[in-house]
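Please keep the sequence and the coordinates at hand while reading.

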Amino acid sequence: MKQLYLFALYLAGLFIVCDAKAIQDNATDTLRIYHMDEVVVTSSTKETNNLRKLPGSVTILSPQTIGGNQIESVKDLSSYVPNFFIPDYGSKMTSAVYIRGIGTRNSGQSVGLYVNDAPYMDKSTFDFELTDIQRIEVLRGPQGTLYGRNAMGGIINIYTLSPFDYQGTKLSVSAGNYGQFKAKASHYNKLLENVALSIGGYYDRNDGFFTNSFNGKKADKEESVGARLGLEWMISPQFKAIYNFSFDYSEQGAFPYGLYNPETKETAAVSINDSSTYNRRMIGNQLRLEYKSNQFTLSSTTGYRHLKDNMNMDQDFSPLSIFTLNQKQKQNAFSQEIALKSNQPTNYQWSVGLYGFYDDLHTDGPVTFKEDGVKTVLQSVFDRLKASIPRMPQLIIMDEQIYIPGSFDTPTYGLALYHQSTINNLFSEGLSLTAGIRLDYEKAEMDYHSEASMHFGMQMAPGMPMITLPELPTSVMDGSINQDSWQVLPKISLKYECTPRTFTYISAARGYKAGGYNVQMFADLIQDQLKYDLMSAYAPQMAVEPSPVKDVASYKPEYSWNYEAGIKSELIDKRLTAELTLFYMDLRDIQLTKFVNSGNGRMITNGGKARSLGAEATIQARITSNLTANINYGYTNATFRNYFHEEKQGSEIIRTDYKGNHIPYTPSHTFSAGLQYSKLLNNCWLDQFTASAQYSGAGKIWWTEKNDIGQDFYGTVNAKVGVRKGNIKLDVWTRNLLDADYTAFYFESFGNPYMQKGKPFQVGAEVSVAF
């Protein structure tokens with residue numbers, strides 16, 4: 001580590017002593033592309049506005065921005081984009097995206113992800129390696145009119161590099177502390193004048209950042225490998241076909257949670273006794289056809305994604321053997337979109353489209369209560385029953401372990417029709433109106449099966465011998481439920497271009513997040529069924545029938561209205577741009593993730609009404625031909641307007657009014673500030689020197705609806721310094737340079753609070769070659 005610091009200082013000193021001449025105006029200025037994004041090509045298959053002049057909040061990241069800020073996955077966008085936050089916790093299965101206070105940790109999503117215009121339908125697939133990216137677009141605020149379901153918070157669009165735009169080979173190797181190692185390779189080539197190929201792969205690993213004190217080994221080691229293939233065919237000057245294939249495989253260790261002490265505000269070391277692993281395999285196929293004439297563009301995007309994963313986790317995160325969860329998902333998701341939009345440079349632009357999808361998801365989620373779990377969790381149910389009815393005998397569970405299987409088929413399908421129009425120079429020059437509407441239909445089903453059996457002994461009074469009860473039939477839950485919905489998603493915006501480089505806008509849009517089903521809580525439901533069957537057999541007068549599955553396991557859609565006003569301006573030509581946005585979101589039936597009373601799993605419930613209001617500001621400056629800077633700030637005040645929390649304490653239900661409390665897991669402030677420096681060198685044996693530093697901060701974040709435990713504002717610094725000679729480049733990089741101590745996540749289980757710390761200081765070096 002010390003050697004790397006010294007080497008970085010040596011590179012900086014070498015740059016100072018080199019006699020570098022000024023860069024001529026016609027020299028390649030990658031920095032201009034990096035921050036001002038003047039040269040990055042943007043296009044959309046269905047948007048009727050130029051993306052740079054879109055009447056809404058949008059952040060566009062170029063390849064230089066992505067590389068300079070070490071953005072290697074979607075999680076790394078956190079805080080760089082105003083009011084955009086993804087906590088880096090757990091495994092790749094968990095990518096909880098929050099924009100403007102809107103998000104979710106469990107099933108479903110509030111922010112959509114598209115890669116080359118094809119949707120990723122489950123946030124279990126969001127965390128993957130970003131390689132050779134042409135650009136990333138983050139659109140904040142509801143995008144339901146053009147994108148439909150689960151775009152209530154916004155959209156992330158990722159586009160990969162085209163082999164028609166770049167031909168060559170890229171190789172890189174990176175290594176750092178904590179056993180970090182990464183190797184990437186890609187090749188872009190024209191096979192024929194009208195046929196081009198791209199192929200690439202990567203390998204990434206680390207030894208883990210947190211030690212499991214139970215066995216002295218790293219708890220959260222990780223290893224992944226992947227490959228990409230792209231084939232583009234320009235069938236004619238107007239007609240092209242693009243095929244993309246991707247494969248990713250990941251293996252990870254445990255979720256590194258430690259027991260938290262609310263009084264001392266300290267988090268104990270990770271201590272997990274049961275085996276905990278997560279592995280995931282993803283395969284993606286996409287075919288895009290596009291015909292472009294002077295009058296219109298007709299495109300067809302067909303997508304298929306396969307996900308197969310296996311999570312085997314010690315769910316009590318303690319040295320005790322309480323219970324484990326083994327969740328396996330197998331998903332086959334298909335999507336088809338046909339879009340038609342105008343190309344004529346007239347005052348009227350239009351876009352229409354038809355979209356359909358089918359998402360076939362099968363989940364196995366068996367829970368195993370082990371020795372300590374049987375004694376402390378399940379047996380306590382019957383101990384409380386005995387305490388409430390002293391005259392009844394004491395029931396004692398005889399099993400050492402209890403296995404509760406759960407199998408769930410949750411297919412979802414939908415169809416949508418949308419239209420958007422933009423009228424430019426309305427009434428006066430510079431005034432434009434954009435209006436759109438989407439009709440969206442969705443149907444979700446769940447076929448479920450779960451069962452459980454226990455062996456009981458009965459003790460009539462303390463000190464008396466225990467009587468083994470006859471074995472009861474296995475309690476079984478089998479059934480099928482479904483829900484469907486029609487949604488109308490309108491959007492309207494008014495924009496006025498004061499000058500060619502400045503415009504203001506106001507907009508209103510409706511968004512919704514689909515409803516669904518809670519599969520992780522079926523262990524609780526089958527326990528209730530088992531208790532009912534037991535009491536029906538031995539004490540019918542005390543048997544209480546469980547609540548219907550549909551009332552407990554399903555949750556409703558979440559809705560919002562978003563109102564936004566903003567101004568964007570290039571204050572100094574090609575040197576200084578600024579953007580300011582104000583927003584207000586009215587939320588209804590907000591979906592909240594909560595742990596079930598037993599602590600066995602998580603569930604989503606609807607939490608009444610809420611609101612989110614705030615502001616976003618962005619400044620990008622090209623200070624000199626070599627130095628650029630960026631500042632991004634977001635403020636969000638997301639609070640409940642009408643939400644009563646119910647909690648069972650003994651035999652009573654305690655109802656608490658959470659009106660005015662902040663919505664958990666979303667930061668009140670996000671802030672980032674960065675500098676990028678690049679210098680071409682002459683009369684020196686080095687060709688280029690680069691350096692960058694980015695500060696990113698977020699907070700305060702409340703972890704509970706009660707707003708009793710939270711993370712104050714914290715910040716991390718990432719930095720990179722490098723030199724290039726010819727086509728070889730060497731970079732020294734750091735993450736969390738100042739080793740900031742912060743909490744990445746918090747939750748409660750069995751009445752115990754647990755926290756995961758953020759990743760510590762990291763340092764390493766990368767060698768890359770392009771030819």
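In which loop does Asn83 lie? Asn83 lies in the loop between α3 (63-68) and β2, where helices (H or I, at least four residues) and strands (E, at least two) are DSSP runs numbered from the N terminus. The structure is a predicted model, in which local features need pLDDT of at least 70 and side-chain atom pairs count only at pLDDT 80 or more, while totals for chains, interfaces and linings use all residues. Residues are numbered from 1 along each chain as its sequence is written, and side-chain values use heavy atoms, with hydrogens and water left out.

The backbone of Asn83 has a phi near 60 degrees, a positive value in a residue other than glycine. Most residues other than glycine have a negative phi, and most peptide bonds are trans. With a relative accessible area of 4%, Asn83 is buried; the term buried means under 20% relative accessible area, exposed means over 50%, and partly exposed covers the range in between, for a 1.4 Å probe and protein chains only. A positive phi, near 75 degrees, is also found at Asp117, again a residue other than glycine. Asp117 belongs to the loop between β5 (111-115) and β6 (118-120), and its relative accessibility of 16% places it among the buried residues. A further backbone feature is the cis peptide bond between Gly699 and Lys700, with omega at about -10 degrees. Lys700 is located in the loop between β43 (688-699) and β44 (701-702).

Two strands are said to pair if DSSP finds at least two bridges between them. Between β2 and strand β3 (residues 98-99) there are two bridges in the antiparallel sense, and Phe84 has Ile99 in β3 as its bridge partner. Strands of a sheet pair through backbone hydrogen bonds, either parallel or antiparallel.

Longer runs of bridges occur elsewhere in the chain. Strand β18 (residues 277-292) pairs with β19 in the antiparallel sense over 16 bridges, and three residues lie between these two strands in a hairpin. Within this pairing, Gly284 is opposite Arg305 in β19. On to strand β20 (residues 323-342), β19 is joined by 19 bridges, again antiparallel; here Asp314 has Thr324 in β20 as its bridge partner.

Met311 counts as buried because its relative accessibility is 2%. The C-alpha atoms of Met311 and Thr169, which are 142 residues apart along the chain, are separated by 37 Å.

Strand β35 (residues 576-588) is joined to strand β38 (residues 609-622) by 13 antiparallel bridges, with Glu579 opposite Thr618 in β38. In turn, β38 pairs with strand β39 (residues 627-642) over 14 bridges in the antiparallel sense. Lys609 stands opposite Asn642 in β39, and a hairpin of four residues connects β38 to β39.

The chain as a whole can now be considered. It contains seven helices and 50 strands. Its radius of gyration is 28 Å, close to the 28 Å that the globule rule gives for 771 residues, so the chain is as compact as a globular protein of that length; the radius is taken over C-alpha atoms, and the rule is 2.2 Å times the number of residues to the power 0.38. Along its principal axes, the C-alpha trace spans about 95 × 65 × 50 Å. Of the 771 residues, 56% count as buried. Among contacts between residues at least 6 apart in sequence, 69% join residues at least 24 apart. The accessible surface of the chain is about 32500 Å², and 56% of it belongs to carbon and sulfur atoms, with areas from the Shrake-Rupley method using a 1.4 Å probe.

Conventions
Contact = heavy atoms within 4.5 Å.
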